[in-house]
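Trainee: I'd like to learn how to read packing in a model. Can you show me the structure and let me ask as we go?

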Amino acid sequence: MCHHCEDRLEDTVEHKESACSAWAEHHCVPRNVIEDGNLSRPVLVRAIMRIEEDWDAVSSLSPDRIMDQKCIIDLFSNQLLIDTLSTLDGERIPERVVTAKGTGAFGYFEVTHDISKYTYAAVFNGVGKKTPVVVRFAKAFQNKGGSELVRDIKTMAVKFYTEEGNLDILALSIPVFAFKYPITTRDMNHAFMRNPQTNMYDLTSLYDLVTLRPVFGQALFWLMSDYGMPNGYRRMDTFPIHTYELSNRHGERHYVRFNFRTELGFSYLTTAEAAAIQALDLDYFTRDLYNAIDSRQYPAWKLEMDVMSLHDIEKVDYNPFDVTRLWKNGTFYTVPIGRLVLNRNVKNHFRDIEQAAFNPANLVPGIPGPVDYLFRGKSIIYRDAQNYRLGRNHNNILVNKPLYAKTYVRDGRPPISLNMRNAPNYYPNSFHGPVPYVDEKRPWKKLRVLESNAIDLAPMWHFYNYILEDEAHRQRFIANIVLTLVPVTPPVVQRVMKLLHLVDQGLSERVKAGYEAALTAQQAAALASPPPAIPSRRVPSAQNYPKHDTK
Ligand code: HEM
């Protein structure tokens, strides 16, 4: 029985706060309850209404009750309090669907070599010319608060603020991508990121997908090698991977793959070193970059490009647009372009890095860009991702604003910036509105690429036997594969062994021996100190999903 409204049965706190008007009438709400924010809304509303209606009656209350009533009035006429409580909860925007854990800095790009023979893009023309840039680094599959010391693809996104608009070049720490058709994107993101049930990273789904789609193999090999764990963002090379088309003033075209080469030289952490650092500092890569710039040891990369002419392209015996494979030695030559230097830390991470929107479809005249399917898929998804994450006017956010931009895009959610003031908002018009850019010199002849759809394991074999330069590196590579195989469900492990056998018999035998030794060691450790701390074999994964479940 409620002692206050008598006709009700409950005497619970819940009832009093939400339903019992008599309780609200007779109880002045204690101050600490309000400050703790524990007071439920109906009582508050009633309490305030009562005070407004019966203000005269307040003077007849005891001094204690007057204090409490005043407290309520003061708090709710306090705009600072209202602003504080009603804005804090809006401080987050969605994190990037991939590459959420990142950092960045400002700097410049300086042209060191004349490449006007290949492109008339203003940004790459005129030796000594400097163009401001913002650069963001990230870990491909880590969430925003994740670790920078896991074996993962690292990314580097560069926005050149050129006089002809923004040029965004997005690069990875490995020179091949995992697949070549954009429809596979979601599968990779799901399999390489968190399991939908456990919310844990799940090596079973990773290897399941890789063995069912062996095209992933070479990218996985790069990750398992020393290249999968560089010693910080400053010490890694990065690769935009796609084959870009460039055109010069005469309408001639060349096909190039850009490479950013760190001036510090590549260096790596072993898995054990990374684990030891991780125990103390999840932000090791971010800290290293920030401190270096802060102490004026500016990180720098040489930008160069591997080049093939249209004539060369026609002669090669592989698909040079295939992002899952390297160009073969002897089929291209390398041309230096310039230097990328990072010399200014951001003053505000959210403003300049979290809100940065790098879109590989942001190209400039003289760089028509890549022509492969994957790139076409990317031309859609980055824009869509950024519309979702930052809003459709994200190009008006300071860090994304081109030095030069004229547009017919209008209105919508802020920021709208100057909203093109009174410029005509339709095209064509007779009042000097902007004219859509058409690259008159771009050659329109189409290239037809004929390729087999057979799975080609030769790049994986080549990687193991030639790119891993010595036995010690091969040993570390095998140890990393073994480590990641231990928690994987046995049928999937069998498929991994089969795939490795097809790639290179010696490799598969070494992995098998290492895997069996690791299992034996795990069992021995379990016997020595039962129960095992983590029953890794029993980590649930999608393998438990029933075949006929339709829900
Ligand atoms: C050669 C292949 C690829 C490269 C070099 C690449 C590079 C990058 C880089 C550097 C970032 C980080 C951007 C940042 O720091 O804000 C990124 C993010 C992203 N990538 Fe890729 N990527 C590749 C393939 C793909 C594919 C195939 C897709 C999907 C079709 C994709 C979708 C995304 C999305 C949605 C983001 C987050 C964008 C955002 O929210 O701002 N990427 N990628």
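Trainee: Leaving aside neighbours within four places in sequence, which residues is I241 in contact with?

Mentor: Keep in mind that this is a predicted model. For a contact, look for C-beta atoms within 7 Å of each other. Here I241 is in contact with L172, P175, V176, F177 and V323, once neighbours up to four places away are set aside.

Trainee: Where does I241 lie, and is I241 buried or exposed?

Mentor: I241 sits in the loop between α10 and β5 (244-247). For burial, count the other C-beta atoms within 10 Å; 20 or more makes a residue buried. I241 has 24, so it is buried. As for N189, 52 residues apart from I241 along the chain, the two C-alpha atoms are separated by 19 Å.

Trainee: How many residues does the largest nonpolar core have, and which have the most contacts inside it?

Mentor: Think of a core as buried nonpolar residues joined through C-beta atoms within 7 Å. The largest one has 98 residues, with V133, V135, V158, I174, A219 and L340 making the most contacts inside it. Helix α10 (residues 217-224) gives the most to this core, 6 residues. Domain 2 (101-173 + 230-400) and domain 3 (188-227 + 468-542) both contribute residues, so the core lies between them.

Trainee: What does V135 touch?

Mentor: Beyond four places in sequence, V135 touches G104, A105, G107, M156, A157, V158 and L342.

Trainee: And how many helices and strands does the protein chain have?

Mentor: The chain has 19 helices and 9 strands, and 33% of its 551 residues count as buried.

How values were computed: Residues are numbered from 1 along each chain as its sequence is written. This is a predicted model: local features need pLDDT of at least 70, side-chain atom pairs count only at pLDDT 80 or more; totals for chains, interfaces and linings use all residues. A residue is buried if 20 or more other C-beta atoms lie within 10 Å of its own, exposed if 12 or fewer, and partly exposed in between; C-beta atoms are placed from the backbone. Helices (H or I, at least four residues) and strands (E, at least two) are DSSP runs, numbered from the N terminus. Domain bounds come from an automatic or database domain assignment. Two residues are in contact if their C-beta atoms, placed from the backbone, lie within 7 Å.
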